Amino acid sequence: MYETKRTFEEVKPSLIIKNATFITSAARKEQFIVPDKPMIAVCGKSNVGKSSFINMLANRKKLAKTSSEPGRTRLVNYFDFGEFILADLPGYGFARVSKGEKEKWAKTLDDFFKDKEKISHVFMLVDSRHDPTADDVQMIEYLHFHTLPFTVTLTKADKLSKMKLKENIRAIAADLYLAPANLLATSSETGFGKTEVLNKIKSVIDLANQPVIENENEEEEIAE
Ligand SMILES: Nc1nc2c(ncn2[C@@H]2O[C@H](COP(=O)(O)OP(=O)(O)OP(=O)(O)O)[C@@H](O)[C@H]2O)c(=O)[nH]1
Ligand SMILES: [Mg+2]
């Protein structure tokens, strides 16, 4: 007899998060922190599950504030995850806010991403149940334009059957001009996909911590 029932925790991730803590919130760029270790950002539309995703990675229920009311996180919230910093970004695409407020959010996001040397990776969260919104597509184009490294991560996978999830992964990937294998599916409710996310983070921080090797031939190549 084969054992078919396995828990998600059985496959150990290459990175273990022990004690994640809140650092600070920033409402504008003057308040952005200067990270002393690799920084990973989490972005996505309002209510997609950014704060829940962060809590899942931290093994804490209330590290990042979650809400069923969209548009709660209006600040950049920074968390110390030991080997890296995690930044929870304000959600976009929330209809019930004034034009002025929307512009303020767009400016905060723009200021944040402009400083791209400080950003080692972006987890771009998309709801696994729906087609990406026009805002999601715009966000991805923005990440491409600024050549920021990112992983599209689907949230709320627990709300779909296995079959439907597979189908949606294909459809969402196609909409975003990505291969289905480039997407990670997660559920902060069940912990599904957590190991894959932690493994991705491990490879990102290993790369960020690699010493920069100077290219000795650089000057000659330029001179030619
Ligand atoms: N079933 C299920 N519900 C989820 C999951 N992730 C988030 N939610 C729920 O979705 C709602 C929004 O989650 P948040 O984590 O607050 O979303 P957010 O993206 O941080 O939202 P803003 O900060 O307002 O932009 C909450 O009611 C969560 O409980 C998930 O994986 N599965
Ligand atoms: Mg939030």
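Author: A residue is buried if 20 or more other C-beta atoms lie within 10 Å of its own, exposed if 12 or fewer, and partly exposed in between, with C-beta atoms placed from the backbone. The model is predicted: local features need pLDDT of at least 70, side-chain atom pairs count only at pLDDT 80 or more, and totals for chains, interfaces and linings use all residues. Residues are numbered from 1 along each chain as its sequence is written, while chains are lettered from A and ligands numbered from 1 in the order written.

Reader: What percentage of the chain's residues count as buried?
Author: The chain has 224 residues. The buried ones amount to 33%.

Reader: Is valine 122 buried or exposed?
Author: Valine 122 sits in strand β5. Strands (E, at least two residues) and helices (H or I, at least four) are DSSP runs, numbered from the N terminus. Because valine 122 has 25 C-beta neighbours inside 10 Å, it counts as buried.

Reader: What is the C-alpha separation of valine 122 and proline 149?
Author: Contact requires C-beta atoms, placed from the backbone, within 7 Å. Leaving aside neighbours within four places in sequence, valine 122 contacts residues including Leu148, Pro149 and Phe150. Valine 122 and proline 149 are 27 residues apart along the chain, yet their C-alpha separation is 6.3 Å.

Terms used
Two residues are in contact if their C-beta atoms, placed from the backbone, lie within 7 Å.
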